[in-house]
Amino acid sequence: MTTFRFKNVRLLFLVLSALFAFSCKHPTPPPPPAPAPIAAPVPPPAPTITLRANPATVERGQPVTLTWEARNAANVQIDPGVGAVMATGNRMLNPTSSVTYTAKATGPGGEATDTARVTVNIPPPPAPAPPAPPKPPDVNISELFRRDVKDILFDYDKSDIRPSEVSKLQANAAFLKEHANLRFTIDGNTDERGSQEYNLGLGDRRANAVKEFLVMQGVNGNRVNTVSYGEERPACHEPTEDCYQRNRRAGFTPNP
Amino acid sequence: MMKKIFALSLVAAAITCGRGLYARVQTPQIQTGTRSGVIGVKIAVPEFQPLGADAKTLQLTELFNKVLWDDLDYSGVVTLVSRSFYPVGKFSGPENIKPDDWTAPAIDAQFIAFGNARLDGGRITVEARLWDLKRPDNREAIGKRYGSTDTEEGARLIAHQFADAIVELIGGGIKGVSLTKLAYISDRSGAKELYVMDYDGSESHALTNERSIVLTPAWSPDGEKIAFTSFKLNQANIEILSRIDRKPYNFDRQGGTTTTPVWSPDGSMIAYATSRDGSDTEIYVADWNGKNPKRLTVSKSVDISPFWNPRTGREIAFVSDRSGTAQIYIMDAEGTNVRRIIMDGGTAVNPAWSPDGQRIAFAWQKSRTSYFDIYVHDLATGRNDQMTQSAGDNERPTWSPDGRHLAFESTRNGSSQIYSMLADGTKVRQLTQSGKNQGPAWSGYLGQ
């Protein structure tokens, strides 16, 4: 047994020597010397920009304020829709839909951007409109006409528009202008006193006086016919001043 | 021959004494009517005798007698002696007349008209005589047989013819108006339509059936056509119809209110009022078909109711309220030389020029609370004679072609009716009864 041990010492020597020899076969070369430092100017600082939108979420129609602040920038541009701006500032906007604003600052030191997102809440569409009511038939216009367009009354043997009738006639003019497609006839009438022939002339003057007033109020004269019935179409027949007054009138009728 | 000489001598007498023979008759005078001044030649008119006893002969003879009596009574030329003074008897032919009976003081007639009527073969024949009782040498002034169809219309016609012959003979050669007619407006059918009736209110018939409004009739001088205002097209326009066959004649539509037509004396033109050019009616003249309209007045006022001087055609009367109230003016037929003729205030309308051109009848309301009355304005003197005495409105006078009568409308009995009277306000008679009747227009002499 002893003999064997001897033999093993020799082997260990050999392994160890081999190991050592292998590990030292490629040694690292020495590093090159570092270059000498250059004495150049200090580089410009890089621009910076911040962009904020407040509030970040709005209902449609509400305003949003953009606020920005740029440093080291020669130009500041905000898109969309704002364009070139000063380095710092704010702007009130009314975006109609959600949008991301981008602010870009450029300067000698480079370029910087920031963004701000605005969310616009679009209200739900209104409930569908109820179906339009059917176009009222003409008879309703006639009824409206009869209801809203009032007779104009006159003094005895006069055809000028008396002050008490002016507001009524102005209201008539408003109705007639509102219904601008309607053609109509003004009939001039008198009470039964005075001569029948003269009353035809007097009724004619009354109808024309009303027409002229309406034209001055802006009613197109081409829509208007005039007719005089003189004393032939009385509204009442009693020989009283009340009845005479009702008959001294200019009436209105829509043309068929 | 002798009759002719007699008639000519009457005419000569009438001409020499102005208004007519009756003015110089020297007999006891009987005044007629409500006013003095009308004194006619006294005439007896015993009933014409029916030759036949059948009902129709009796009926038509009676009608003839009534119409003849009324024609003479309203003529303004003769005074009828009441039949209650006549001798008893039947006075059918010359053999029945004893002149002394009729010139006796109770009767004192200068003339007697008498005769008979018979029916034969669908005809009525009237043998009619007018005797001058105070000319024994030349008694028979008229002796004539009148024939027509044996209808009421025929009996009326020959009565009118005989009456007009008497009136012309006694009244200074001026024709009687028994055969003239009146156009007027009546609502008796429910709408205002144009009607024509005999001058005494009989034989009325409608000329239009427009069922709208018809107003202001005016005769052409030849009596063939009537112009009037129609609302058929929903506005006052002038239309013209033949009186004979109702044939329409064109009158160009003028636009605006177009009304109150009146014919020129020669029948070639019509004057009228229209608002075609502006805000009020003005007087125009045009050819009678409405072409070549020419404006005569320029006034910011109602100008209406023109009336040509029928004698000269050189002037036109009209109504204007340019002074503030309706008044009567005259202008030359070219529109120049406008002058107001009634100066005394109130309201003066409806000018109607007399056939001789010397007077203008009109309706005058002297204050706003008074009635309209008929007046006659004498152009030479400026005098205004009152012809009606209120009791309702009296309006729209129209002259008979002999200038002796006026017809007008009046509300004296309630609703508006047409009346006639002598041109001095006497002998008023109501001509219409049914419905409301207005706007009388007396024809000229018609071509019978």
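Predicted model: local features only at pLDDT ≥ 70, side-chain atom pairs only at ≥ 80, totals over all residues.
Domain bounds here come from an automatic or database domain assignment.

**Stop 1**

Select residues 48-121 of chain A for domain 1 and residues 138-254 for domain 2. Taken over C-alpha atoms, the centres of domain 1 and domain 2 of chain A are 67 Å apart.

**Stop 2: Thr48(A) and strand β1**

Go to Thr48(A), which sits in strand β1 (residues 48-54) of chain A. With 16 other C-beta atoms within 10 Å, Thr48(A) is partly exposed; the class applies because the count falls between the limits of 12 or fewer for exposed and 20 or more for buried. Now show what surrounds Thr48(A). Apart from neighbours within four places in sequence, its contacts are Ala70(A), Arg71(A), Asn72(A) and Ala112(A).

**Stop 3: two cis peptide bonds**

Zoom in on the bond from Asn54(A) to Pro55(A), which is cis, with omega near -5 degrees. Pro55(A) belongs to the loop between β1 and β2 (57-59) of chain A. Then move to Asp79(A) and Pro80(A), also joined by a cis peptide bond, with omega about -5 degrees. The loop that holds Pro80(A) runs between β4 (75-79) and β5 (83-85) of chain A.

**Stop 4: where chain A meets chain B**

Show both chains. The contact involves 16 residues of chain A and 26 residues of chain B. On the chain A side, the elements that supply two or more residues are α4 (196-216) and β11 (224-230). Helix α4(A) gives the largest share of that side, 10 residues. Colour the chain A side by residue class to find four nonpolar, six polar and six charged residues.

**Stop 5: chain B as a whole**

The secondary structure of chain B consists of four helices and 30 strands. Its radius of gyration is 23 Å, close to the 22 Å that the globule rule gives for 448 residues, so chain B is as compact as a globular protein of that length. Along the principal axes, the C-alpha atoms of chain B fill a box of roughly 75 × 50 × 45 Å. Of its 448 residues, 51% count as buried. Among contacts in chain B between residues at least 6 apart in sequence, 45% join residues at least 24 apart.

**Stop 6: helix α2 of chain B**

Select residues 55-73 of chain B, helix α2. At 1.5 Å a residue, these 19 residues should span 27 Å, and the end C-alpha atoms are 27 Å apart, which agrees. Which residues of α2(B) are buried? They are Leu60(B), Thr61(B), Leu63(B), Phe64(B), Val67(B), Leu68(B), Asp71(B) and Leu72(B). These residues cover an arc of only 160 degrees around the axis, so they lie on the same side of α2(B). To see what they pack against, display β1 (41-44), β2 (49-50), β3 (78-80), β4 (111-120), β5 (123-132) and α4 (152-170) of chain B.

**Stop 7**

Asn350(B), in strand β22 (residues 347-353), has phi near 60 degrees, a positive value in a residue other than glycine. It is buried, with 28 other C-beta atoms within 10 Å. Lys427(B) is in the loop between β28 (417-422) and β29 (429-430) of chain B. Its phi is near 55 degrees, again positive in a residue other than glycine. Lys427(B) is buried, with 20 other C-beta atoms within 10 Å; that count qualifies because the limit for buried is 20 or more.

Key:
Residues numbered from 1 in each chain as written. Chains lettered and ligands numbered in written order. Contact = placed C-beta atoms within 7 Å. Nonpolar A, V, L, I, M, F, W, Y, C, P; charged D, E, K, R; others polar. Rg over C-alpha atoms; globule rule 2.2 N^0.38 Å. Expected span 1.5 Å × (residues − 1). Arc of directions from axis to C-beta.
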